[in-house]
Amino acid sequence: MDQTKFIELVAVKLSDETTVRGLFLGGSFGRGTPDSHSDVDLIALVEPHHQDEAIAAWRCLLEGISPVVFWNQRGQGHVLLNAITEDWLRCDLSIMPPSAFIDRAQETVKPLIDRDGFYNVLPEALPAKGPDPAKVNYLINEFIRVLGLLRVVVGRGEYLTAVTGIGMLRDHFMNLMLEEVNVPDRGGALHLSKVLPEADMDLLLSLPFPKPNREEVIDANFDIARHFLPRAYDLAAKLNLPWPDNFEKATLRVLATSLGPSPDWYALSRNSVTD
């Protein structure tokens with residue numbers, strides 16, 4: 001069953017369920033940007049005392065459309081239900097009280113059921129979302145921390161772990177790039193190529209995927225760091241965030257002294273770290 005037919009069936013089956021005060025498409029379907037690989041994100045507005053009933057009804061409804069092979073429930077008050085059907089249609093349902101239906105815009109959701117006119121009071125669009133200083137600060141410090149752990153995994157010969165660490169560095173770089181994207185809704189990780197500029201996607205794709213050996217994991221860490229750190233410097237300055245100079249200097253120094261002079265770890269810093 002394709003997503004469009006699934007959405008139509010859900011809307012019909014819930015049309016007489018009056019405890020559901022509103023049902024909206026979110027995600028890529030809500031934004032009008034789905035493709036054949038998109039999951040279906042739904043938002044149901046249900047008063048708290050009816051939520052248990054709504055959860056049970058939703059599971060029964062899904063099973064009536066297609067057998068559910070994966071089911072997960074998270075949260076209280078604002079409940080998220082993840083489901084995958086036998087034919088691998090992915091559907092996430094957020095159940096929340098009507099009062100929580102905020103921080104959205106008409107361009108990000110599509111009404112399927114709207115008994116109380118919630119859609120009409122939403123703004124047409126959300127303002128562009130700038131970088132989150134707290135998240136940027138976390139990404140910078142966590143990148144430096146993971147980079148410093150290269151000394152540990154190489155020293156122990158744990159090259160499989162080193163490759164995992166490189167994946168973490170790449171993810172931190174990707175998330176830093178996403179913080180620079182000035183749009184209201186950045187979407188999910190599975191839509192990355194539709195959010196990041198082409199040049200950033202090309203850069204991410206060019207970063208090394210090393211084999212688990214000493215030389216390749218060292219070179220890969222250095223290569224990712226030489227791209228990440230200048231971007232991070234500039235974004236931190238733009239947000240008036242203090243740069244963790246002492247942490248960076250200590251990390252680059254220990255890498256240089258423990259891993260050898262090549263590559264030149266000191267060259268990664270804008271400030272001298274050899275004194």
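Two strands are taken to pair if DSSP finds at least two bridges between them. Helices (H or I, at least four residues) and strands (E, at least two) are DSSP runs, numbered from the N terminus.

The model is predicted, so local features need pLDDT of at least 70 and side-chain atom pairs count only at pLDDT 80 or more, while totals for chains, interfaces and linings use all residues. Residues are numbered from 1 along each chain as its sequence is written, and side-chain values use heavy atoms, with hydrogens and water left out.

**The sheet**

An open sheet with mixed pairing is formed by 6 strands in the order β3-β4-β5-β2-β1-β6. The edges are held by β3 (68-74) and β6 (110-114); each has a single partner strand, so one side of each is left without a neighbour in the sheet. On average, neighbouring strands are turned by 15° against each other, direction ignored; axes are lines fitted to C-alpha atoms, for helices over the stretch in contact, and angles run from 0 to 180 degrees between N-to-C directions.

Two of the pairings are listed here.

The strands β3 and β4 form a hairpin with 4 residues between them, and G75 in its turn has a positive phi of about 90°.

Helix α3 (residues 51-65) packs on the sheet and touches β2 (40-46), β3, β4 (79-85) and β5 (90-96), contact meaning heavy atoms within 4.5 Å. The direction of α3 makes about 165° with that of β3.

**The α9 and α10 pair**

Helices α9 (residues 214-238) and α10 (residues 245-259) pack at an angle of about 160°, with their axes 13 Å apart. That makes α9 roughly antiparallel to α10, a term for angles over 145 degrees. In this contact, R214, I218, L229 and Y233 of α9 meet E248, S258 and L259 of α10. These residues divide into 4 nonpolar, 1 polar and 2 charged; Ala, Val, Leu, Ile, Met, Phe, Trp, Tyr, Cys and Pro count as nonpolar, Asp, Glu, Lys and Arg as charged, and the others, Gly among them, as polar.

**Salt bridges**

With a salt bridge defined as a side-chain nitrogen of Lys or Arg within 4 Å of a carboxyl oxygen of Asp or Glu, the count comes to 8. One of them joins the side chains of D116 and R21 (3.0 Å, N to O). This pair links distant parts of the chain, 95 residues apart: D116 lies in the loop between β6 and α4 (133-148), and R21 in strand β1.

How values were computed. Parallel < 35°, antiparallel > 145°, perpendicular 65-115°, else oblique.
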